[in-house]
Amino acid sequence: MNSEIARMVAKRLVIAVITLLIVSFAVFFATAMLPGDTASILLGQSATPEAVAGLRQAMHLDDPAMLRFLRWGLGFLTGDLGKSYANDMPISVLVSGRFVNTMELAGITALISIPFALTLGITSAVMQGSLYDRVVTIVTIGVISVPEFMVASTAVLVFAVYLKWLPAISLVNEVHSLYDLLRMYAMPVMTLTFVVSAQIIRMTRAAVIETLSTPYVEMARLKGASRSRIVLRHALPNALGPIVNALALSLSYLIGGVIIIETIFNYPGIAKLMVDAVATRDLPLIQTCAVIFCAGYLILITIADIIAIISNPRLR
Amino acid sequence: MSKLVEIKNLHVEATTDSGRRIEIIKGVDIEIAKGEIVALIGESGSGKTTIALALMGYTRPGCRISEGALLIDGKDMATLSERERTKVRGTEVAYVPQSAAAAFNPSQTIMDQVIEVTRIHGLMTPDKARQRAIELFKALSLPSPETIGERYPHQVSGGQLQRLAAAMALIGGPKLVIFDEPTTALDVTTQIDVLKAFKSVMKAGGITGVYVSHDLAVVAQIADRIVVLKGGEVQEEGMTQAILSTPAHPYTQELLSAFEPQETQFAGKRTDKAQPLLVIENVTAGYGRVQEDGLPLVKAVRSVSLSVEKGRNLGIIGESGCGKSTLARCIAGILPASAGNIIFNGKELDHDARRRFREALREMQIVFQYADTALNPAKPIEDILGRPLTFYHGLNGSARSARIDELLDMVRLPKALRYRHPSELSGGQKQRINFARALAANPKLIICDEITSALDTVVAAAIIELLKDLQRELDLSYIFISHDLSVVEAICDEVMVMYRGEKVEHLTREDMKSPAHPYSKLLFSSVPKLDPTWLDTLVLEPELMRQYGGA
Amino acid sequence: MMQGAPSISAATGFFGYRFNLVGVLAFLVILFWTVVALFAPHIAPYPVGKIVDMDYFGPMSSKLWLGSDYLGRDVLSRIIYGARYTLGIALAGVLIASSCGVIFGMAAAVIGGWFDAALSRFMDAMISIPSKLFGLVIVAAVGSSLPALILTLAFIYTPGSYRFARALAVNVNTMDFITVARVRGENTLYLAVSEILPNIIRPVLADFGIRFVFIVLLLSGLSFLGLGVQPPLADWGALVHENIQGLSFGAAAVIAPSLAIASLTISVNLLIDNLPRKIRDRSA
């Protein structure tokens, strides 16, 4: 790996770190703007002036914002995530279990949707204008245009209400066998896959169509290359960068989709935890969940960008 | 001699945006004998590339062959199935594209792409193919033929890529090779090497060739016969020497006369009494970080000095990368110089245009090469011309409108054009509007930065005539920048030759016949002439080539 | 070549424009909902909060076209009133987001320098937060009042509009005609408004439409989670939220609002893809 690439990668990493800082500050700042006094809200009925003052001091609520942010940030990095306001449990405990659940859901979805969507995206680009392409395009645009809860509720209507094949709600505690496991995961994963695949298909299709209209692809045609050769050896290697980028962007939709899907199917993941936390204004929990999501997303985007940098032949 | 190629009554249709079908090739008949090289000559839009591609059974998206036959060695490319066509491409007919840089896949090595034809059609083993490729590289006079294949396209120069594209075409042992304007994007000195290489390989193998171009002089060097095209129809065809010396068709005559611009009255020798209009002293400019001495890292212009007198023209000539455009931008203040003085009308000008006075900006105007990007597509012509009138002279209402009409008249365009948008105009018309906008300011000096380089020869010749007329009428001075010597010779009283950012020589009209500096000599002698024997008899001193040759 | 949603082109020419059947239909749907939103009180058969049915999740009938909701209220009336909130909030949000984005984007492109660098770095950071997530965080902080929702949505989608407008403006900025204007001595404001803006306005309007769809979807998503429009007011997303129990009955109360959202967003998408095109016949 030569120095030019190393320099660009290092630069990209620095940008990622700075972005993470800005983002976590934004999250912190947004939640710190809460109207109303946190301490009195927490104390509720027993909010005497002395109690409020005492609690304010204990929670360091009178310190300047920057100091609070730094303290919180330090705590975050060392694993001390504080306590949830709503149920007084340490956040790290609350979060870890649910985090694993969400990772399972997201992981399975990614495993299924990525190969599926890439295939559909590439083939519909190669067969641009055909009936197959048109059908794929219509369905994709349809799925992208509607809210995720509509895709989910349609799936529930069809599979749970009319066909009665699958349960409408995921009950994690009632899993007794692999069959139960599959039935439980089927709907959330299916719905989420639909939503994410649609985005990936659209972006992949656009990237491949663009590489197929380059002069060097035309030149390959004029050399008598077959269609499969053109796609596999000329178009795809050059579309790799934009496709990896598309995959990274679709993660954003995965996160958004997970929030809705976990809610509608009552799935015990970290997204549902966060939604509940917002309803109860549980600040530390909200901050922690938000930063975890953002950090994860940023890490994956950075990896995608670095892959794009490394695969650029002009830098070798 | 037997016929290898027969094009009979070819008609090609294209479908426009709105679904209308128009014919772009209207019944063309061409025959090519074995071993012959035939040139398809015409301006842009004449259909020459369409015919060339049709010979491979290929049409660009939106076009189709509606009628006629394209026989190559008996096989009709128009009626073959797509499968059969792919078998023919690369093996019997091969194509050398106009822009080799775009035609190479940036993520594969050159060797892989050159031998790809053999892999596709299973012509020989990869090792044999690589050997054959290296032989071709040698025949095409490429540097380091053994190792050049291991590089990636972006690591190789334009002239080399063009020859590599030819190797890519020849490796399949085709009967017919189609060259699509392969030297258009190259410098004159590079062009010579490439042309010689092509010619020797084609003649040695007795390969039949089709050479598409708009440049008569280049074509004269390599073609046995010439076919002249315009608007999708054949205007004239014949042996090269016959076409050049005794053209029959009026269009061919027009093309030839555009090539040799007419002699004009030129201003006489300099009179020392007048103060020069513009004086540049030791100007240096460039890009990149500023070093300790105040000069930039990359010096595109190095300590250049020149002067222009009122009513006289200075030409600046050089190849790509010599710094002439940068110098133009320096003078205009777009790219501020890092050192030196710019003195206009006796007053020193600030290096940065943003700090110059409006009067100074008004009196010196610049006209750019590409009228497409030099005119705001969202505005109608009258706004484009009207704005400088309002801005510089405060004209409004009917006075403004009248002046717009005058300006359109001056550049010989119909008054009705004022309501149109730039996208509705042709290339030549747009460049005239570009020029009219400069005139709107009533300048004393107009800097013309390669204004004819993107235009067809006939259109360009008309623009040059216009410039000369306007100079007489309005007492203007021009700084005319170009890489095309014939254009500069047509209009300039004095010529400055640039090489790698430096002024190499300053010539008056008389001197132009016999330049003194070695680079000027090389440059001037590299310009192709209309004489078919020119290339073969061209002897360039190897010393000069080694020192200055770019390819 | 036009790719994207397939179109049945009725190549009729009105005033030199070619209209598209799909585009016209999409436009009519959008017009329909706009009219509904504007004249809701005059169109709705029943007052919004009134309980009109003994049963909840009552079936579709001639009295209640879309049946009743989980409290026995008329679903159709609630959807008609809901149109006001969905369209109104989204429209307000996108107007703010697009104007801010375009103004800042053009400014950054023309001024350049540290202003451009700092602003772009900040906007990039904002974009890297997934929108639903950001929405949740801000709503947690500032609440779900109507003005708060509008500003939240505008804030989340301004960076995207900024990036798009800036990219367009930067592209135009490199063109020679801008250099010509600069060398003439024109000032920054003239360059931005008179030279750059007319060239980017068409793609910016298309982006406006796309952004509108994003905002409708995010608003509906937030309301669906119970964090958007609060009772007694209800936009379409909130209607789905409160009637979600009806899903197992297949009640219209939960399906109809979703269909309403879908009809709006799909129509806007289709309209953008199928705008009337000027017939540009090159007279060659």
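This is a predicted model: local features need pLDDT of at least 70, side-chain atom pairs count only at pLDDT 80 or more; totals for chains, interfaces and linings use all residues.
**Exercise 1. List the buried residues of H11(A), then find what covers them.**

Start with the cut-off: a residue is buried if 20 or more other C-beta atoms, placed from the backbone, lie within 10 Å of its own, exposed if 12 or fewer, and partly exposed in between. The buried residues of H11(A) are then A:Ile270, A:Ala271, A:Lys272, A:Leu273, A:Met274, A:Val275, A:Ala277 and A:Val278. That's eight of the ten residues of this helix (270–279), so H11(A) is largely enclosed by the rest of the structure.

Next, the cover. It includes helix H5 (91–126), helix H10 (227–264) and helix H12 (283–310) of chain A, together with H5 of chain C.

Residues are numbered from 1 along each chain as its sequence is written, and chains are lettered from A and ligands numbered from 1 in the order in which they are written.

**Exercise 2. Work out what chain A is built from.**

Helices (H or I, at least four residues) and strands (E, at least two) are DSSP runs, numbered from the N terminus. On that count chain A has twelve helices and zero strands. Of its 316 residues, 38% count as buried.

**Exercise 3. Describe the side of chain C that touches chain A.**

Contact here asks for C-beta atoms, placed from the backbone, within 7 Å. By that rule, 39 residues of chain C meet 42 residues of chain A. Helices H4 (113–127), H5 (131–142), H8 (188–224) and H10 (252–273) of chain C each give two or more residues to this side. H5(C) gives the most, with ten.

**Exercise 4. Characterise the packing of H6(A) against H10(C).**

The axes of H6(A) (131–145) and H10(C) come within 9 Å and cross at roughly 125 degrees. That makes the pair oblique (under 35 degrees is roughly parallel, over 145 roughly antiparallel, 65 to 115 roughly perpendicular, the rest oblique).

Who makes the contact? On H6(A), pick out A:Ile141, A:Gly142 and A:Ser145; on H10(C), C:Ala262, C:Thr265, C:Ile266 and C:Asn269.

Technical notes:
Two residues are in contact if their C-beta atoms, placed from the backbone, lie within 7 Å. Axes are lines fitted to C-alpha atoms, for helices over the stretch in contact, and angles run from 0 to 180 degrees between N-to-C directions.
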